[in-house]
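Please look over the sequence and the model shown below.

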Amino acid sequence: MPDSTSKTTVTDIPSEQPRRDERFHPQPIEEKWAAIWQSDPLLYAADPVTSARTKYYVLEMLPYPSGALHMGHVRNYAIGDALARYMWMRGYNVLHPMGWDAFGLPAENAALKNNTPPREWTLKNIAAMKQQMKRLGFSYDWSTEVTTCLPDYYRWNQWFFLKMHERGLAYRKKSKVNWCPECATVLANEQVVDGCCWRHEETKVEQRELEQWFLRITDYVPELLADLDKLEHWPERVRTMQRNWIGRSDGANVDFKLEGTAGPAGDKITVFTTRIDTIYGATSIQLAPQHPLVTDLMKRNPALEIDVAKLTDEQRKAKEAGELGAIEKHGVKTGAFAINPFNQERVPIWIANYVLMDYGTGAIMSVPAHDERDYDFAKKYDLEVRIVVLPRRTEEPPEAGDAEENILPFTSEESLLINSGDFNGMSNREAIAAMTRFAEEHGFGKATTTYRMKDWGVSRQRYWGTPIPMLYCEKCGIVPVPEDQLPVLLPEKIDITQQGGSPLANVPEFVNATCPKCGGKARRETDTMDTFVDSSWYFYRYTSAKLATAPFDSDKANYWFPIDQYIGGVEHAILHLIYSRFWTKVMRDMGLIKNSEPAQRLFTQGMVIKDGAKMSKNRGNVVSPDDMIAKFGADSTRMYSLFAAPPDRDLDWQEQGVEGVHRFLGRVYRFVVKHAQPQHPEWTGKVPAQLSPEARAIQRKLHQTIAKITHDFDGRWHFNTSIAAVMELVNELYGAESAIALGAIPITLLADVQRKLILLLAPFAPYLGAELWSVLGETSVLLKEPWPQFDPALAKEDEIEIPVQVNGKLRSRISVPADSSEEFVRNAAFADEKVKAAMAGKEVVKVIVVPGKLVNIVVK
């Protein structure tokens with residue numbers, strides 16, 4: 001064993017290794033290691049759930065197999081891959097799977113365009129994209145791969161649907177639905193963005209009335225909302241988007257009795273209001289055009305039909321255009337009246353285009369003085385405007401000189417009631433509680449909470465999706481497919497026209513079935529499920545991807561869940577992310593799992609921007625990673641996506657940036673190839689405690705870099721600054737080459753810094769890391785090597801530079817020992833010539849010393 005205090009240096013013993021080519025050619029290096037890694041199926045496999053190591057489930061959102069990866073995909077997966085590799089090196093039991101969100105409309109479009117069956121097109125794309133992922137070196141355990149378009153997966157979609165039907169969570173009803181003419185199918189509310197299809201961003205969505213299957217997500221809305229407060233490690237932006245989409249409103253339902261004879265819709269109008277304190281100011285009732293009472297009113301007065309049709313059409317067009325909030329308000333007076341239960345006044349009933357049937361009860365009390373929309377409507381139709389809340393926090397009524405337009409509508413809830421009978425003088429909040437209680441006690445109202453979010457419509461008139469496992473029998477009605485007959489398979493040969501409803505309806509061998517109850521003829525449901533069903537629970541299947549008897553093994557799921565880190569785009573905030581939370585809660589209630597949320601932490605990465613727009617195949621501005629790999633290698637390609645911007649910010653694509661990273665990796669390669677001396681007898685020796693200033697500078701920079709990158713992985717994930725720190729370390733090493741040549745750097749330190757440099761690079765550039773690890777003579781698997789630890793004492797600067805200010809203006813900088821006392825720093829500042837000159841002839845009033853940061857001298 002060599003003496004650990006030996007001062008032998010690199011130049012003392014010649015290397016017996018053959019000289020390597022110091023030129024950096026990444027392609028052959030990467031192809032070599034890709035073949036080695038792919039030959040080991042257990043390389044990225046997680047340990048069994050009995051492992052003593054702490055589990056870590058890191059997951060990127062699975063892609064749609066559209067044909068090929070682009071750099072937007074690469075950025076997402078590079079983030080997750082760097083984290084997975086870091087956690088392996090930290091000693092965790094890591095699950096890092098990948099799969100394919102493989103059902104969906106693009107496969108049908110490709111079938112029409114290329115005359116290729118959707119299954120064939122999809123599986124071909126999966127094979128191509130999987131090969132790209134392997135070539136990029138992503139550390140996925142492919143034994144856990146999930147493909148949602150295969151029967152071994154979608155049979156469990158059908159099983160879940162049957163279980164939800166048993167629990168009353170899946171039901172069928174006729175309703176108005178969002179219809180995309182280009183998709184030729186129904187869209188969920190969440191899939192309509194600014195009045196257009198979420199997939200076809202310029203296609204206006206229409207309203208149609210169809211029989212549809214729904215999942216009763218509203219049963220879980222209160223919990224979905226409340227549990228957002230528990231998701232402390234989710235971006236606040238995502239939580240806010242979900243809160244807004246759920247749209248909770250606390251208020252009261254109040255019954256206004258109809259004047260005259262009751263019709264089929266009943267003898268009262270129930271309105272929902274969040275401001276019952278303003279009810280004495282209600283001067284009309286407004287109904288949505290679709291309100292049931294409107295039909296009764298049109299029977300009494302057929303002349304209303306034309307106006308109601310016009311209002312309905314205006315509302316539909318505004319909805320399709322995503323402009324409901326800005327709709328020009330129109331209405332029609334019905335001639336009917338209702339009675340305000342608080343003051344017994346007759347209130348006229350109107351039908352208005354700005355009142356929505358899917359909010360509250362579809363009826364509102366119009367209080368023009370205290371609601372902006374009601375005020376606009378009242379002014380347009382010359383309705384009474386009655387003030388019942390003081391337009392200021394005072395007990396005095398409005399002054400005579402106050403113009404109405406200057407104070408109305410007054411919508412604040414921080415005032416007092418007037419013109420409100422026994423409730424005069426109460427604050428708004430006191431009145432809301434008292435008036436709600438009064439309505440409940442007298443039987444014409446009650447406190448109510450409503451939600452904007454509606455049940456999830458999952459029927460789609462497509463072929464390429466999970467068949468809904470329901471039958472229609474003339475004798476028995478709607479009949480679930482028995483579980484032992486699952487999966488209901490998609491026929492493989494089918495004509496896809498995207499016209500006239502589901503293509504499955506035109507396949508007799510699929511449609512015609514036998515009723516499992518009576519044995520008679522039955523007809524299969526020909527709609528397929530929304531593809532967001534597939535992605536609502538896929539991450540549980542990863543834990544038991546090959547299990548044939550259940551959707552997943554509950555013991556394994558309970559070990560791995562919740563996901564420790566989930567990574568994907570913010571565009572999924574109110575689609576996939578809210579549906580998957582719902583699905584998790586349903587599975588919990590079924591006893592399949594114990595967790596209530598799918599993911600403990602969520603990270604939403606920024607987009608990759610090219611030519612001023614998000615990189616997208618639809619926009620034709622994608623950059624293929626294959627082209628970048630051919631030019632610069634996979635490590636440079638993926639490392640650029642981490643270096644060019646913080647991962648939560650948008651990245652402006654620049655190919656020159658990939659080239660710059662390639663040059664940097666070439667510098668690393670050349671340095672290690674030049675200075676590796678694995679056959680040196682002291683190569684594995686201990687670094688001496690006493691070092692030359694040049695050696696100490698290298699050691700200090702190394703430990704500062706380890707601290708920086710460790711902090712970034714454990715905290716803010718600013719991988720761009722992590723990579724920059726590695727670049728600074730490499731610059732320090734190149735700056736020390738003359739010292740190395742002169743023997744001022746011990747061989748043990750040079751070995752130590754090269755090993756740790758490679759370990760630090762491994763999560764970002766795994767191919768180069770593996771190659772240089774072998775150059776250093778190491779034979780272990782780099783992925784499973786321990787992450788380097790930093791020593792705070794070794795990271796500490798020997799000297800630090802401190803700015804000195806006089807009256808807040810920078811006058812000089814002083815260098816002092818890092819452990820200097822406050823008195824020493826003060827004296828050094830006063831001794832500086834520039835500081836002396838700035839203080840000449842002045843009296844020192846105060847000296848502020850911020851340790852290690854600043855000296856500020858106040859003079860007069």
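Predicted model: local features only at pLDDT ≥ 70, side-chain atom pairs only at ≥ 80, totals over all residues.

Residues are numbered from 1 along each chain as its sequence is written, and side-chain values use heavy atoms, with hydrogens and water left out.

The chain has 27 helices and 32 strands. Helices (H or I, at least four residues) and strands (E, at least two) are DSSP runs, numbered from the N terminus. Taken along the principal axes, the box filled by the C-alpha atoms is roughly 110 × 90 × 50 Å. Of the 860 residues, 56% count as buried; buried means under 20% relative accessible area, exposed means over 50%, and partly exposed lies in between (1.4 Å probe, protein chains only). Contact means heavy atoms within 4.5 Å. Among the contacts in the chain with a separation of 6 or more, 73% join residues 24 or more positions apart.

Helix packing comes next. Two packed helices are described by the angle between their axes and the distance between the axes. The axes are lines fitted to C-alpha atoms, for helices over the stretch in contact, and the angles run from 0 to 180 degrees between N-to-C directions. Angles under 35 degrees count as roughly parallel, over 145 as roughly antiparallel, 65 to 115 as roughly perpendicular, and the rest as oblique.

Helix α20 (residues 693-714) packs with helix α23 (residues 747-761) at an angle of about 20 degrees, and their axes are 11 Å apart. Because of that angle, α20 is roughly parallel to α23. On the side of α20, the contact is made by Ala695, Ile698, Gln699, Leu702, Thr705, Ile706 and Ile709. The residues of α23 in this contact are Leu749, Asp752, Val753, Lys756 and Leu760. By class, the contact of α20 with α23 holds eight nonpolar, two polar and two charged residues. Here Ala, Val, Leu, Ile, Met, Phe, Trp, Tyr, Cys and Pro count as nonpolar, Asp, Glu, Lys and Arg as charged, and the others, Gly among them, as polar.

How is α19 placed against α21? Helix α19 (residues 655-675) and helix α21 (residues 719-735) pack at about 45 degrees, with 11 Å between their axes. That angle makes α19 oblique to α21. From α19, the contact takes in Phe664, Arg667, Val668, Arg670 and Phe671. From α21, Val726, Met727, Val730, Asn731, Leu733 and Tyr734 take part. The classes in the contact of α19 with α21 are eight nonpolar, one polar and two charged residues.

The cysteines are the next topic. A disulfide is a pair of cysteine sulfur atoms within 2.5 Å, and by this rule the count comes to zero disulfides. Cys473 is in no disulfide, and the nearest cysteine sulfur, in Cys518, is 3.6 Å away. The sulfur of Cys476 is 3.7 Å from its closest cysteine sulfur, also in Cys518, which is too far for a bond. At 7% relative accessibility Cys473 counts as buried, while Cys476, at 28%, counts as partly exposed.

Ala522 lies in strand β22 (residues 521-524) and is buried, with a relative accessible area of 9%. Not counting residues up to four places away in sequence, Ala522 touches Leu471, Tyr472, Cys473, Val511, Asn512, Ala513, Thr514 and Cys515. Ala522 and Cys476 are 46 residues apart along the chain, and their C-alpha atoms are separated by 9.2 Å.

Some backbone details remain. Most residues other than glycine have a negative phi, and most peptide bonds are trans. The bond from Leu486 to Pro487 is cis, with omega near 0 degrees, and Pro487 is in the loop between β20 (477-480) and α13 (508-511). The bond from Phe561 to Pro562 is also cis, with omega near 0 degrees; Pro562 is in the loop between α15 (554-560) and β24 (565-568).

Asn115 has a positive phi, near 55 degrees, in a residue other than glycine. Asn115 is in the loop between α3 (105-114) and α4 (118-135), and at 71% relative accessibility it counts as exposed. Asp611 likewise has a positive phi of about 55 degrees although it is not a glycine. Asp611 is in the loop between β26 (608-610) and β27 (613-614), and is exposed, with a relative accessible area of 65%.
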